[in-house]
Amino acid sequence: MRFHETVEIHGHLMDTGILARVLDDVLSYGGDYEVESIDLGKSHDDESHAKIIVGADSADQLSRILMHIQVHGVNSVSSDEVLLRPAERDGVFPADFYSTTNLETVVHLGGQWVPVEHPEMDCGLVVSGGRVRTIPVPEVRAGDMIVCGVSGVKTVLPVSDHSTRMYGTFQSLSSSTTSMSPQYQALLVRTIARQIRELKAEGFSVLWVAGPAVVQAGAAPAMVALVEAGYVDVLFSGNAFAALDIEAALYGAAIGNESARAHATERGHEQRIRTINTIRGAGSITTAVEDGILTSGIMHAIVKANKKFVLVGSVRDDGPLPDVHTDVLAGQRAMREALHGVGFAMMIASMLHSVATANILPASIPVACVDIDPSNVTRLVDRGFAQAVGVVTDSGLFLEQLAQELVADYPSRSGTGPLPGSV
């Protein structure tokens, strides 16, 4: 006995390759398909529409296939009511729970399509008081009503301007594993800067996820300028980034950034732990700034500008600094709480924290990923973001160029000229 479901998909199906990926995914999960109808539109900017009959050997297999292809915006044509089951234990979903995507999602509940609050991938959906929100598995409590199966759940792809295809164009420019020409990189930087300015003008915040390479590359002055100009609203990072930045501020150079002294930093680890000890003695980074102990650097600028920061640690950390979340679940909760109002995410030179952030961001938020390692950029851009731009370059060079684009007086302050073609 075969089980079937008719699904539909809207969008630019052919030139984006979405339809081919959907059909490949159906086959890779052991199903089959029949294209019932397809309307390709009459002009380049017209969206296409396709109906597909998906088949599988069991209801469970069919549900898994339908859940999987929803990442492409594929939804059942039916409007069945959502299925709810209570969680039997703390920290455990029902076996057939609906696994979320990072797309905007709606649930058919009580005869109405209810939007899911705070879309996030790899979570479940909990219903309470007529509202639906994503919930990570550790947060589940016995008795919570959890959405199960795929019936009554639909995803919505982010709206994009297909006529300009800005993100698709620049993603293709930046995805090459070879070095980008200066003209291409300048084009990418200007595009990112324009997007940041537009979203800030609309009242959105800019989230930055930064790794210690930002400090090691000597880009702290550029990032400080961006903070002071109002282009850094939320910072996610770890102990190493903050400790390196504060170490450089207190001692003039951080270990790993010895170019400032033109010779190896002697007893660099002692310098690092003394830095951490100083901040621990103050009680927090904020207190160290208020007491005049920390007077420069990125973390100083973040505190002085009254911006949010979330530092989440790992088992490798020395110290750590007193502001670092050592409980990763508490760190995840703090990161989620800091996302309200974010409209753009800049991920630079940080693989682990960037992946962690990508896991909790909705797909509707534009993302720019910058790293010298092409594999890191590819991994981040492929996290399911329709509006991601990847830039393979040195983080220090990128931040200098971005500061020149966004901060009016930065070229004269840094002693460098503007980007080619800048206005």
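Picture a 1 Å grid laid over the protein atoms alone: a cavity is a set of points where a 1.4 Å probe fits but cannot get out. Grid points are joined across faces, edges and corners, and a volume is the space filled by probe spheres set on the points. By this rule, there are three cavities of 30 Å³ or more here.

A quick note before we go in: this is a predicted model, where local features need pLDDT of at least 70, side-chain atom pairs count only at pLDDT 80 or more, and totals for chains, interfaces and linings use all residues. Residues are numbered from 1 along each chain as its sequence is written, and side-chain values use heavy atoms, with hydrogens and water left out.

The largest cavity holds about 50 Å³ of space. Its lining (residues with an atom within 4 Å of a point) is made of V7, L66, I69, Q70, V74, N75, S76, V150 and V153. Helix α2 (59-69) and strand β4 (75-76) are the elements that give two or more residues to this lining; helices (H or I, at least four residues) and strands (E, at least two) are DSSP runs, numbered from the N terminus. Six of the lining residues are nonpolar, three are polar and none is charged. Here Ala, Val, Leu, Ile, Met, Phe, Trp, Tyr, Cys and Pro count as nonpolar, Asp, Glu, Lys and Arg as charged, and the others, Gly among them, as polar.

Now for a pocket, which is an open set of points with protein on both sides within 12 Å along at least five of seven lines.

Where they touch (heavy atoms within 4.5 Å), M351, S354 and V355 of α12 meet N376, R379 and L380 of α13.

Compare that with α4 (residues 182-201) and α14 (residues 395-406), whose axes come within 9 Å and cross at roughly 50°. Among the residues in this contact are V189 and I192 of α4 and F398 and L402 of α14. By class, eight of the contact residues are nonpolar, two polar and three charged.

Notes
Axes fitted to C-alpha atoms, helices over the stretch in contact; angles between N-to-C directions.
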